[in-house]
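Hello,

Here is the structure I promised to pass on to you. Have a look at it first, and then read my notes below.

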Amino acid sequence: MGILIVISPLIVLLILRIRLNMSSKDKNDEIMEEFWAREREARFARNVDISNLPLFIPDMECLPFLPSSDDKRRSELEAKVISSGREPMLDLHEFTNTDLKIKYGNGNFTTISSYDQNFMYFTRDLFQWGKYLYENNYTDDALTVLEYLISITQNIVSAFTILAKIYRDNKEPDKISNLINIVESTKDSITKQTTLRSLRDIIN
């Protein structure tokens with residue numbers, strides 16, 4: 001007569017959990033090994049010539065600067081945009097620091113990262129200016145600034161939501177739909193789903 005072996009469900013679950021943990025550990029070890037390999041590569045990456053990089057040059061002529069204004073705050077914000085717009089800049093938000101070192105050389109990292117930072121400052125100053133214009137009833141000028149802003153970066157959620165509010169007030173739902181299409185076509189990011197939810201709330 002054969003012996004019937006009864007295995008407790010708890011034992012089965014324990015075995016499965018151990019196997020999953022071992023698999024997860026192996027995967028984590030592989031990820032960490034790849035990470036440190038790239039870090040070593042970045043540390044010794046040779047410098048490349050960055051003198052002819054295609055720097056981003058903003059189109060300042062399309063923006064609604066006023067030669068003179070009684071609105072002191074507006075003038076201050078415009079001056080900040082003009083100042084930050086003069087700095088050498090590149091949009092490198094898709095790259096990690098390690099990527100930049102490998103691509104351009106470890107010795108160029110400080111310069112390259114400053115270009116990325118300058119782009120961030122410029123787009124931040126543009127948004128602050130556009131937001132102020134919207135909140136103080138310079139609606140047409142706000143529209144110009146914010147439309148230009150989203151044409152060069154899709155990473156500022158509030159720029160999309162303010163534009164959508166302007167389009168809603170102007171009874172232009174098709175333009176809100178276009179904003180949604182722009183966001184949907186961008187790569188996944190921390191802000192993508194938040195932006196889409198905000199736009200859909202406005203259009204609905």
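Predicted model: local features only at pLDDT ≥ 70, side-chain atom pairs only at ≥ 80, totals over all residues.

Is Ser158 buried, partly exposed or exposed? With a relative accessible area of 34%, Ser158 counts as partly exposed, because buried would need a value under 20% and exposed one over 50%. Ser198 lies 40 residues away from Ser158 along the chain, and their C-alpha atoms are separated by 9.0 Å.

Now for the inside. The largest nonpolar core has 34 residues, and Leu126, Trp129 and Leu179 touch the most other members. Two or more residues come from each of helix 2 (72-85), helix 4 (109-135), helix 5 (139-152), helix 6 (157-169), helix 7 (173-185) and helix 8 (192-203). Helix 5 gives the most, with 8 residues.

Leaving aside residues up to four places away in sequence, Leu126 touches Leu63, Val81, Val145, Tyr148, Leu149 and Ile152. There is also a second, separate core of 9 residues, with Ile50, Leu90, Leu92 and Leu100 among them.

Back to helix 5, then. Its buried residues are Ala142, Leu143, Val145, Leu146, Tyr148, Leu149, Ile150 and Ile152, and what covers them includes helix 4, helix 6 and helix 7. The length of helix 5 agrees with expectation, because 14 residues at 1.5 Å a residue should span 20 Å and the end C-alpha atoms are 20 Å apart.

Note on methods. Residues numbered from 1 in each chain as written. Heavy atoms only, no water. Core = buried A, V, L, I, M, F, W, Y, C linked by side-chain atoms within 4.5 Å. Buried < 20%, exposed > 50% of the residue type's maximum accessible area, 1.4 Å probe, protein only. Helix = DSSP H or I, 4+ residues; strand = E, 2+ residues; numbered from the N terminus. Contact = heavy atoms within 4.5 Å. Expected span 1.5 Å × (residues − 1).
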